[in-house]
Amino acid sequence: MDGVIVLTLLTFSPLIGVLFLLFVDRGNERRLKAMGMMATLIPLVGALSLYANFQTGQEGVQFKEEVNWITFTAIGSMGQPIEFPITYSMGVDGLSMPLLVMTAIVTTLAAVASMYIKRNWKSYFIWLLILEVGLLGVFAARDLFLFFIFFEIVLVATFLLVGKWGYVHREQAANQFLIYNGIGSGVMLLAFISIWFIFGTMQYDELIERAVQLTEQLSTMPEMNWLVLGTFIAILVAFGIKLPFFPFHTWMLKVHVEAPPPVVMLHSGVMLKMGAYGLIRFGVELFPGYVTDLAFFIGVLGVVNILYGAVLAFVQTDLKRVIAYSSISHMGIILLGIAALNVTGLQGAVFQMVSHGFISALLFFFIAALTERTGTTLIPELGGLAKSAPVLCGIFLAAGMATLGLPGMSGFISEFLAFLGIFETQPVLGVLGVLGMILAALYMLRAVLGTTFGPAKGRWQSLKDTRPAEAVPMLVLLGFIILIGVYPAVLNDPLYVTLESIVARMGG
């Protein structure tokens, strides 16, 4: 399929849905919802087709597209013209391919979950599809400038979706999201400009080649050391806000509580992974020396995230906040996997990115169904729901077991690999991180049991169980969680060669 602009077609394919939606009457709810959901099937089919044609044992970028796009010209200090070429470059490797597929799957299921949206369906679906364009583009871009554009599309679309279709305090949540992520984008832009200054290009492939020579250049130009270190720290902060790691996490809690369920599915399932992806793509790949030097610090950040998120999840009484804090805890596992500096640890980190994407999407789908029926997510007001809604509660129990890493589910593989990797290089951090997994069992079982078991309260005795329109997407998500758990090769095969080359550049 090389030579065909498949990635461009895939990335912008949601705009076909936008085009059709523009011609549908605003009051035609049925047609708007059907068209909005069906529009996400086009990129889903495209992403699965791309995955089927991906050569798993092949190193490097596949389905590459490259064309000169823009050239800026400036005047240098000596009066000579200096050109800044920007390239439209798309492609996927073993790291971005699984994330691209996960994005398409979660977006389609989030579109199905949009059945819970109550108003302004036309505008809602248009912005949801634009958001998908940004998400797909982030993982397909092979140029820093292009990556930044797609990243900002995600930022704008999410701000509007949260601020307009969220719950009571939606505007406050949207504003906080914009402030934190706007600062993160500013830091990222500075880092990208600095990267261009250091490496002389914005294209990934050229950057990776020149990153190998960076250590030698620094030995002959020691005055560059501070600039390179500052750029790496800027990358760490910019994508750390997006991940997020402590103390940049407060905005995420408000978004998880106030955003509409489909947007939270995408936010928790995909958007948080943009932070982890950026850390590996621009931090680990371009600055392997600093990642090695600061591995202990990154590992400490991971442990803090794991324990902080787990302890606060345990004391929450709102299911949304339990899952939000558990997400912070699970993002710490990704940091531990990166800090391990070996293939096993990085495998664990990427497995955790994909696994958490499916698990958190399933949990927030459950939250949406629960809120639709009860109007509350407060654990003390719930209880005994399994008697009237056994299928719904069974799915919640399965998602909870996946979160705490039950064997046979994706969470087990990701945690096992990440901790195996960190125990090999930094066992003390591994031991501390495992404590968080013990706490995960406590807070998740407390949440599941407090919601589904015990004596049924009178007002929930006639609660309706899962409808087919809800059960099918939930079971699809559960199916992917089990598939990765029992057959991890489906994710590991395209991933391994890319991670092996990244670790080789770190000297591992």
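**Salt bridges and burial**

Guide: Eleven salt bridges are found in a search of the whole structure. The model is a predicted one, in which local features need pLDDT of at least 70 and side-chain atom pairs count only at pLDDT 80 or more, while totals for chains, interfaces and linings use all residues. Residues are numbered from 1 along each chain as its sequence is written, and side-chain values use heavy atoms, with hydrogens and water left out.

Visitor: What makes Lys64 and Asp205 a salt bridge?
Guide: The term requires a side-chain nitrogen of Lys or Arg within 4 Å of a carboxyl oxygen of Asp or Glu. For Lys64 and Asp205 the N to O distance is 2.5 Å, and the pair is therefore a salt bridge. Lys64 lies in strand β1 (residues 62–75) and Asp205 in helix α9 (residues 204–212), so the pair ties together parts 141 residues apart in sequence. Helices (H or I, at least four residues) and strands (E, at least two) are DSSP runs, numbered from the N terminus.

Visitor: Why is Asp205 called buried, and why is Lys64 called partly exposed?
Guide: Buried means under 20% relative accessible area, exposed over 50%, and partly exposed in between (1.4 Å probe, protein chains only). Asp205 has 19% and therefore counts as buried; Lys64 has 36% and therefore counts as partly exposed.

Visitor: How do you know that Arg142 and Asp93 form a salt bridge?
Guide: Their side chains meet at 3.7 Å, N to O. The pair links distant parts of the chain, with Arg142 in the loop between α6 (121–140) and α7 (144–165) and Asp93 in the loop between β2 (81–92) and α5 (96–113), 49 residues apart. Arg142 counts as buried because its relative accessibility is 2%, and Asp93 is buried because its relative accessible area is 5%.

Visitor: Why is Lys118, the partner of Glu372, called exposed?
Guide: Lys118 has a relative accessible area of 56% and is therefore exposed, whereas Glu372, at 38%, counts as partly exposed. The closest N and O atoms of this salt bridge are 3.3 Å apart.

Visitor: What makes the radius of gyration agree with a compact globule?
Guide: The radius is taken over C-alpha atoms, and the globule rule is 2.2 Å times the number of residues to the power 0.38. With 508 residues the rule gives a value near 23 Å; the protein has 22 Å, which therefore agrees. Buried residues make up 60% of the 508.
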